[in-house]
Amino acid sequence: MSVTLRPVADTLRGSKTTNKNMLMEDIKRPLYIPYAGPVLLETSLLNKGSAFSEEERVAFNLAGLLPEAIETIEEQAERAYLQFQSFSNDMDKHIYLRNIQDTNETLFYRLVNNHITEMMPIIYTPTVGQACEQFSNIYRRARGLMVSYPNRHRIDDILNNATRHNVRVIVITDGERILGLGDQGIGGMGIPIGKLSLYTSCGGISPAYTLPIVLDVGTDNPQRLNDPMYMGWRNKRISGDEYNEFVDDVLSAVQRRWPNALVQFEDFAQKNAMPLLERYKDRLCCFNDDIQGTAAVTVGSLLAACKAAGTQLKEQTIAFLGAGSAGCGIAEAIIAQMVSEGLEDHQAREKVHMVDRWGLLQDGMQNLLPFQQKLTQCLEKTQSWCGDNGAVSLLEVMEHAKPTVLIGVSGAPGLFTEEVIKTMHKHYPRPIVFPLSNPTSRVEAIPEDILRWTRGQALVATGSPFNPVELEGEVFPIAQCNNSYIFPGIGLGVLACNADRVTDGMLMASSRALAECSPLAIDGEGALLPPLEQIQEVSKQIAFAVARAAMTDGVAKMIKNVDLKDAIERQFWQPEYRDYKRTSF
Ligand SMILES: O=C([O-])CC(=O)C(=O)O
Ligand SMILES: [Mg+2]
């Protein structure tokens, strides 16, 4: 079933102004542009292809460069969709869409927005994972910035070469932990490109404001290093001081060049992800999507599930498989929410069980990272749970802690076994099971199995998209609990109120706003998360909550008396062609 979200303009407080009209006026205003002829056709942000009008074809020296027919964007999108459908495999579809993105961005977004449910898995998870692995093999055109270590002496020059000048959102990776696929070197660029496509498609951030960056610091992936096609710096990864100084230099240069840009850290390896976030969160407007974005969407989904069941998060007992920075980030966000519901910090921590490859995190364990040390269980509680080797396995946690919620962020496929799930179900009739690892090939268990093992009683959400499951005549929709429900709204909110930091309060606000949009929470039945067709409205609601939290936390530089919902509507870019007027060339 589907729920109709009221448009953000109706649901949010404030005067009833005609946001849509204001936006249409902006679109109607002509753009004065300094390009003509083939250069204009090759400028992807401005190209309209066959939609250039007769007057524009004359004014911009395009006569004879285009077919006779003058088309609307909708007609162009229809043709592009037919071509898209003619490809039988997802990689070819991905290459095809990326090509449209590189030649006509407005058309690309119109097409994607028209078919968001079908195309999101092609431009984003899971197909983007394969596109990262094969990045050099399928390479066509330059996009974004590749800042390589050998070029470290000219970082400012590199940033000056960006084709976009007014950059407001940057997604940056060093390609070391791409989804669950490990080190892909510069192939990691596929991820910032895909994430930023969603910033535009789902969050209405103009593509002119977005910039993907990959830090080319080498790769330790032997397949990439030995591949004659590999296009990155053919070198082992730099590390330690060398790495930190390089990242510092790049981020300082970014801050000088675009002081107002939001920086999203993406798919850094565990050893760097949390330290980078700690180093920059009070210096830059930034967040780490894998730690904080995943945490926000997971807490939002859990809040929705609890609301539907008439309980609170503080009443749940949680188990994690995967105690890396993403898992621990989610755990801390869950604990913060439980504390806000009235638990003491230590009571909340007792409810959260982190299991990694060495078993349950317990007091006194060797080699724990600082963020893991806060998430151990005390030995008095767990000593009777131990197996023969002194470690406590996931199965033993299921047996003894009797969790109601199981979250997988391990990147290790198949570890939610039948025995694990059935043990959980034995103790709790309606288990909540979120195998979140991406892409599809890394999922801890497939939804169909989990539902079969629990006779349809589990509430399942995954990180990658899965089709609904049919079981004994019933159809179960599978929510995609992916940070893509969160980061576009955060970006929109940050831009709408000119925030200069991303605070914990803003992230918590994004979770709560998402939970408010859940069909299951609203109606007590249906999908846990809203359908993708509603993602733009969801992003606006999240943006509103995020901007309000930014104001409360004193990090918004919004001019007084500006209506926030207007600011969000006005910020929201839609793929429409604008009229062009010629300026002097
Ligand atoms: O990209 C995605 O689908 C979610 C994500 O951030 C990750 O798995 O690293
Ligand atoms: Mg990621």
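Two strands pair if DSSP finds at least two bridges between them. Helices (H or I, at least four residues) and strands (E, at least two) are themselves DSSP runs, numbered from the N terminus. The structure above is a predicted model, in which local features need pLDDT of at least 70, side-chain atom pairs count only at pLDDT 80 or more, and totals for chains, interfaces and linings use all residues. Residues are numbered from 1 along each chain as its sequence is written, while chains are lettered from A and ligands numbered from 1 in the order in which they are written.

The protein has 27 helices and 16 strands. Its radius of gyration, taken over C-alpha atoms, is 24 Å, close to the 25 Å that the globule rule (2.2 Å times the number of residues to the power 0.38) gives for 585 residues, so the protein is as compact as a globular protein of that length. Along the principal axes, the C-alpha atoms fill a box of roughly 80 × 55 × 50 Å. Of the 585 residues, 50% are buried; a residue is buried if 20 or more other C-beta atoms lie within 10 Å of its own, exposed if 12 or fewer, and partly exposed in between, with C-beta atoms placed from the backbone. Two residues are in contact if their C-beta atoms, placed from the backbone, lie within 7 Å. Among contacts with a separation of 6 or more, 73% come from residues 24 or more positions apart.

Strand 7 covers residues 318–321. It pairs with strand 8 (residues 352–356) in the parallel sense over four bridges, and F320 stands opposite M354 in strand 8. Strand 7 also pairs in the parallel sense with strand 10 (residues 405–408), over four bridges; here A319 has L406 as its bridge partner. In a regular strand the side chains alternate between the two faces of the sheet. In strand 7, I318 and F320 lie on one side and A319 and L321 on the other, and all are buried, so that both faces are covered.

A further strand to follow is strand 12, residues 459–462. Strand 11 (residues 432–435) runs parallel to strand 12 and is joined to it by two bridges. The bridge partner of I432 in strand 12 is L459. Between these strands the chain passes through helix 22 (residues 447–453), and this β-α-β crossover is right-handed: with the strands pointing away from the viewer, the path from the first strand over the helix to the second runs clockwise. Strand 12 also pairs in the parallel sense with strand 15 (residues 479–480) over two bridges, where T462 stands opposite Q480. L459 and A461 point one way from strand 12, V460 and T462 the other way, and all are buried.
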